[in-house]
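Dear colleague,

Please find below the structure that I am handing over to you. My findings follow directly after it, arranged by chain.

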Amino acid sequence: MNWNKLIMILAGSLCTGFLSAGTVKAGALEDIVKSGELRVAVQTQGPPVSFIDKNGERTGFAIEVVKLMAADIGVEPVFLDYDWKGLIPAVQGGKADFLAADMTPNAKRTLVLSFTEPYLYSDVVLYAKKDKPFDAWQDACAAGFSIGVVQGSSNVGLLKDKCPEAEIKEFAGGGAAVAQAVAADRVDAGINDQAAAAGYMIEYPDFHILEGAPKRWPLSFGTRPDETHLLRWLDNYFMLIRNDGRLDELADYWMRGPAWKADH
Amino acid sequence: MISAISSALPFLLDGLWMTFKISLATIFFGSLLGAMVGTVRASPLRSLSFVLGLYIHALRGTPFLIHLYAVYFMLPATGVAWLQFDAITASIIALSLYTSTYVAEVVRAALEAVPRGQVEAARSVGMSTLQTLRHVVVPQALKLMIPPMGGVYVIIIKGTSIVSVVGVSELVRAGEQAAQRDPSHMLVIYGLVALMYLAYCYPVLRIVRWLETRFGAGVTINI
Amino acid sequence: MCPARIAAPGVIMKVPANMDWLVDIYNFRVVAQFAPDLVRGLVATIWISALALSIALVVGTLTAFARLETRAGDRIGATYVQVIRSTPLLVQIYLIYFALPELPLLGRRLDEFECGMLALGLNAGAYMSEIIRSGIEAVPRGQVEGAKSVGMSYVQRMRYVVLPQAISKVVPPLLGQTAILVKDSSLVSFIGVFELFSAGLAILSERLMPNEAFMTLAACYLFIYAILLFLATQAQRRLGGAQ
């Protein structure tokens, strides 16, 4: 019957149609000004960088930097919240103008996205329960110990490089799941950025931060590689708020101590 | 612990409400689409049924996260205007497609479970195809569908948790965010999340059991 | 001495010029660099699924029979099934992983892999017990009565009358449930178990290539699914049961 053939051809062409899909171009800086909306892809990975506070407000260091930015150019910030798996496609596919997460640039990642100059450097630390035999972070790297890390974060590669002896356990449930794993003695130590770890120290009185920092990560925003104007503009903006002291104010409040805890 | 519960509860209730809305929309559209696909699969249209079989297997053989990725990120990349969905619409579409594969198999199994002899008898007393469906096949098939359909719905309710990837704040996402603020009470918060799913799913399963005692066990399907 | 360590590049494939169109949408050269991890993940997923399946079959069968044979068994079995079906698997995994104390028999806590396997097995067991129960119930009551009246014992009735019919009915849906189990096994990455899904996501986190990551994962899971589907059709043909 000819119908059979026709349906097969239709189905086949439908499949190839999807495969040959290109990418759309949208949301250059000019569009931001025209539409009055700054669409930013964020990840709710936890305090103090990006989280939902006790009043249900989206806030955190990266978020407040974006809010400041939007206010300065008189546009509305629109936060598009994704799991880390959704961040990259959101920027590539034009859902968002840029991504404001604590993603760290490296040689391979910058092949795909363009990253701004770092607006802040953040120390990575290891933390553990006080009853573990650790003083410095290197102690937790010895053979026979295990370290918990957030799946997909740059710290995975860091651990593989710096602590090849230790057992590395990646948790898909984020920083809170790693802290819980440390508390439940499922891993001997956890790794996260200094500011997040400082938060855990308040939540878990029997934790302490191990001495030293295996790495200092640059924090950058990322754009599609063809958005050079936007990228330059972001770099300029960071320079401006660094010079007038507003960036430091925000960093002091959010990243260099528990001041934010009282309000959020 | 009490304060952990009371501070997390409002967020979790918001999440539950979102889960409820998305799952209802999904159950509606997924069942509609599934009923159509299942009817075609049970019909003598061999080639169409084969293509729909591929559709069902492709969706069932891959994790749902990948469907969501395709609907939310890849379809807009085609540049077609009406394929640009927001996160909630994309979630409902992807979940409905996924649901339809299960519903289709339930519908097909139920339609095929009605004995052929009855259809032939109905035709021989002069009923048209439509009349046969309306008066003989569908009433019996519906009864057979009810119990497995309840199971499918409960799977869908829990399946909604994956849409948090595109930023929809449903119940699991709300629990995750509450746990970020209060990591030391993570288990309490996830326990509450489980209780809320239980409060939503358990009545569905109870109703199904009650219907099962009224109408019989229904069909078992390859889910 | 060379101051910077240079990471081994892994497998680097040369791309023939006439394959450029494919590389545009799916850069298999990059995916090939992840091939060893993907294979390791695929094996881990199959392995944990197979072990969880054995647990699920044992638990499912025991629950099904307990529910059919005794009142108390029905109560307990029904509660187990309803609770498992009504709560998300991720929460079950977290509870077993974080809240389960030392087991007296082992003298230690279960490790990540064992917790994941147990949670998956108990979860699938609930669904499978329902399939097995309905398979047994589908055997007409009259046949069992008949077998009783010709003096068959309980074991004989099961062996010669009930099971041969029930098995042909339940094998296809059990394989369908196994397909779900395989996909669900990706959730064990939440407690740090390395499996196929985490292996595929490394393409996204390390290279920021979502298309490559998700398409590769889709293909790998479809591969496992195709095997299960093949087994299901074979089983259906051999056992000649359920149309």
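**A buried serine in a loop of chain B**

In chain B, S161(B) sits in the loop that runs between α6 (129–159) and α7 (171–181). Please bear in mind throughout that this is a predicted model. S161(B) counts as buried because 24 other C-beta atoms lie within 10 Å, and the cut-off for that class is 20 or more.

Which residues does S161(B) touch, once its neighbours within four places in sequence are set aside? The contacts are E170(B), L171(B) and V172(B), together with P88(C). With R173(B), S161(B) has a separation of twelve residues in sequence, while the C-alpha to C-alpha distance between the two is 7.3 Å.

**The two domains of chain A**

Chain A is split into two domains. Domain 1 comprises 28–120 + 218–263, and domain 2 comprises 122–216. The distance between the C-alpha centres of domain 1 of chain A and domain 2 of chain A is 26 Å. To the contact, domain 1 of chain A gives 13 residues and domain 2 of chain A gives twelve residues. On the side of domain 1 of chain A that touches domain 2 of chain A, eight residues are nonpolar, three are polar and two are charged.

**Backbone features in chain A**

Two points in the backbone of chain A may be worth checking in your viewer. At the peptide bond from P47(A) to P48(A), the geometry is cis, with omega near 0°. P48(A) belongs to the loop between β1 (37–43) and β2 (51–52) of chain A.

The other point concerns D185(A), a residue other than glycine whose phi is positive, near 60°. D185(A) is placed in the loop between α6 (175–183) and β10 (189–193) of chain A. Is D185(A) buried or exposed? D185(A) is exposed, since 11 other C-beta atoms lie within 10 Å and a residue with 12 or fewer falls in that class.

**A positive phi in chain C**

In chain C, L208(C) likewise has a positive phi without being glycine, here near 55°. The loop between α9 (196–207) and α10 (210–239) of chain C holds L208(C). L208(C) is buried, because 23 other C-beta atoms lie within 10 Å. Thus the positive phi of L208(C) occurs at a buried position, whereas that of D185(A) occurs at an exposed one.

With kind regards

Conventions
Residues numbered from 1 in each chain as written. Chains lettered and ligands numbered in written order. Predicted model: local features only at pLDDT ≥ 70, side-chain atom pairs only at ≥ 80, totals over all residues. Domains from an automatic or database assignment. Contact = placed C-beta atoms within 7 Å. Nonpolar A, V, L, I, M, F, W, Y, C, P; charged D, E, K, R; others polar. Helix = DSSP H or I, 4+ residues; strand = E, 2+ residues; numbered from the N terminus.
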